[in-house]
Amino acid sequence: LAHGDQLAACGTDHNCYDLKSTFAGNINGNQPYGEMNLNAYPNPFSNSATIEFTATVDGKITLQLYDFSGRLVKELYNSEAEMNYYYEVEIDGNDLVPGMYYCMLRQSDGQSKVIKLIVNK
């Protein structure tokens, strides 16, 4: 992972929130229509961060947090999602050790997107 590898099943397209999950509504005008979106703010963070995402298809979405070595730390979201709707998940950083994490969004058609998160205390 440190040299650019990504967490995903072979052949996956790499188009390069305990937790409270909230449906937040339609995507805003800044997000291109039909494109997967995955962002986190603030990043780096210490106590909490908000992860926002959109999907390009209706269906099951999983959002997972992995540590630097690729071990699953938390499942942040695992539910149905609607295409082109905006979702937010809050992550509690108080129980995370400082360091780099990877957040992976996977949707039902096999597409995935990964972002890096930094926890500093």
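Predicted model: local features only at pLDDT ≥ 70, side-chain atom pairs only at ≥ 80, totals over all residues.
**Exercises on salt bridges and strand pairing**

**Exercise 1.** A search of the whole structure finds two salt bridges; locate the one between Asp95 and Lys74 and classify both residues.

*Solution.* 
1. The side chains of Asp95 and Lys74 meet at 3.0 Å, N to O.
2. Asp95 lies in the loop between β6 (85–92) and β7 (99–107), whereas Lys74 belongs to strand β5; the pair, 21 residues apart, links distant parts of the chain.
3. With a relative accessible area of 47%, Asp95 is partly exposed.
4. Lys74, with 12%, is buried.

**Exercise 2.** Determine the strand order of the sheet that contains β5, and identify its edge strands.

*Solution.* 
1. The sheet is open and consists of four strands in the order β5-β4-β7-β8, with antiparallel pairing.
2. β5 (72–81) and β8 (112–119) each have a single partner strand, so they stand at the edges and one side of each lacks a neighbour in the sheet.
3. On average, neighbouring strands of this sheet are turned by 15° against each other, direction ignored.
4. β4 (residues 59–67) is joined to β5 by eight bridges.
5. Leu65 stands opposite Lys74 of β5; Lys74 is also the salt-bridge partner of Asp95.

Key. Residues numbered from 1 in each chain as written. Heavy atoms only, no water. Pairing = 2+ DSSP bridges. Helix = DSSP H or I, 4+ residues; strand = E, 2+ residues; numbered from the N terminus. Axes fitted to C-alpha atoms, helices over the stretch in contact; angles between N-to-C directions. Salt bridge = Lys/Arg side-chain N within 4 Å of Asp/Glu carboxyl O. Buried < 20%, exposed > 50% of the residue type's maximum accessible area, 1.4 Å probe, protein only.
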